[in-house]
Amino acid sequence: MCPVALITGSSRGIGRGIALCLAQAGYDILVNYAGNQTAAEETAAAVVDFGQKAEICQADITSQSDGKRLVDFTLSSFGRLDMLVNNAGIAPPVRADILEADADSYDQVMATNLKGPYFLTQYAANKMIDLQQAGTVGTPRIVIITSISAYTSSTARGEYCVSKAGLSMMTRLFADRLAEHGIPVNEIQPGIIQTDMTGPVKEKYDTLIEDGLTPIRRWGQPEDIGKAVAAIGLGYFDFTTGAAIPVDGGFHLHRL
Ligand code: NAP
């Protein structure tokens with residue numbers, strides 16, 4: 001039987017890139033979306049084109065009961081769960097200066113980017129431990145898509161940066177707790193990736209990239225992140241846990 005990956009927010013963007021790279025690596029895929037069913041169906045069709053199975057499940061990551069339903073649906077559909085990729089996330093609905101931004105935006109971003117993944121991971125990890133003890137899966141793995149915003153200040157979207165910094169600590173906490181169960185937990189920090197999320201700021205980033213913001217002067221693509229997740233999925237990082245892996249064109253380098 002093929003290993004199974006559950007990827008939150010895999011209807012579009014980076015999540016879809018991860019789904020396709022994991023399908024090429026031999027994974028069956030649970031495609032999750034919030035509202036965009038058509039996009040989810042497109043991802044699933046592309047997975048099937050790679051010869052793998054795909055199932056689709058609508059679930060709002062901000063809801064703990066939806067998160068549980070998502071994991072349970074994966075298990076009832078495939079009978080196993082080998083990889084959880086916490087990818088779904090949002091930018092603040094409005095970019096607002098940290099001296100003015102309101103609490104509603106903070107709550108929404110934190111619920112989606114941090115609280116949702118936190119309890120989804122807790123629930124999935126317990127299921128993974130059971131599956132492993134039953135001999136159903138070998139090495140389950142957990143990946144968390146954070147951002148360069150986990151350590152980079154953007155004062156017009158403070159709540160996003162705080163959510164990603166929290167997610168970074170969440171990676172280390174689960175890595176520490178799950179090491180005794182042989183479950184590696186790692187974080188991938190994407191740089192500037194061409195998706196719907198960055199659509200509204202495309203021109204700004206076009207210029208910044210052209211002017212050398214990143215040593216590798218191009219936009220990142222969803223498959224750049226997908227390839228890194230596939231390397232983890234293939235077991236090439238099984239002695240690594242609690243690590244932040246940059247996939248950012250060298251953005252993280254300090255340069256003189
Ligand atoms: P995107 O193109 O806006 O896609 C977002 C995905 O998340 C969609 O599949 C969306 O589903 C899903 N989603 C949103 N809210 C959800 C919810 N409440 N429950 C379930 N699914 C939900 O975003 P992206 O650029 O691919 O970003 C993916 C992740 O990478 C995010 O965590 C983001 O913070 C991170 N990231 C992005 C960049 C970048 O430059 N793009 C850089 C660093 C990190 P629907 O299609 O149904 O709406």
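The model is predicted. Its largest nonpolar core has 31 residues, and 32 residues surround the ligand. D248 is buried yet has no salt bridge.

**Nonpolar cores**
- Within the largest core, the residues with the most contacts are L6, V71, L81, L84, I142, L178 and V185.
- At least two residues of this core are supplied by each of β1 (4-7), α3 (64-78), α4 (103-133), β5 (141-145) and α5 (158-178).
- The largest share, nine residues, is contributed by α4.
- Not counting residues up to four places away in sequence, L178 touches A125, I129, I142, I183 and V185.
- A second, separate core comprises 28 residues, including L22, Y33, V47 and M83.

**The buried residue D248**
- D248 is located in the segment after β7 (244-247).
- The nearest side chain of opposite charge belongs to R255 and is 10 Å away.
- A polar contact joins the side chains of D248 and H252 (2.9 Å).
- With neighbours within four places in sequence left aside, D248 is in contact with I148, Y151, Q189, P190, G191 and T214.

**Ligand surroundings**
- The closest residues to the ligand are S11, R12, N87, Y160 and T195.
- A polar backbone atom of N87 is 2.7 Å from an oxygen atom of the ligand.
- For G35, a backbone N or O atom lies 2.8 Å from a ligand oxygen atom.
- G191, which is in contact with D248, has a backbone N or O atom 3.5 Å from an oxygen atom of the ligand.

Key. Residues are numbered from 1 along each chain as its sequence is written. This is a predicted model: local features need pLDDT of at least 70, side-chain atom pairs count only at pLDDT 80 or more; totals for chains, interfaces and linings use all residues. Side-chain values use heavy atoms; hydrogens and water are left out. A nonpolar core is a set of buried Ala, Val, Leu, Ile, Met, Phe, Trp, Tyr and Cys residues joined through side-chain atoms within 4.5 Å. Buried means under 20% relative accessible area, exposed over 50%, partly exposed in between (1.4 Å probe, protein chains only). Helices (H or I, at least four residues) and strands (E, at least two) are DSSP runs, numbered from the N terminus. Contact means heavy atoms within 4.5 Å. Lys and Arg count as positive and Asp and Glu as negative; His and the chain ends are not counted. A salt bridge is a side-chain nitrogen of Lys or Arg within 4 Å of a carboxyl oxygen of Asp or Glu. A polar contact is a pair of N or O atoms within 3.5 Å; within protein, one must be able to donate a hydrogen and the other to accept it, and residues adjacent in sequence count only if both atoms are side-chain atoms. A residue is near a molecule or strand if one of its heavy atoms lies within 4 Å of it.
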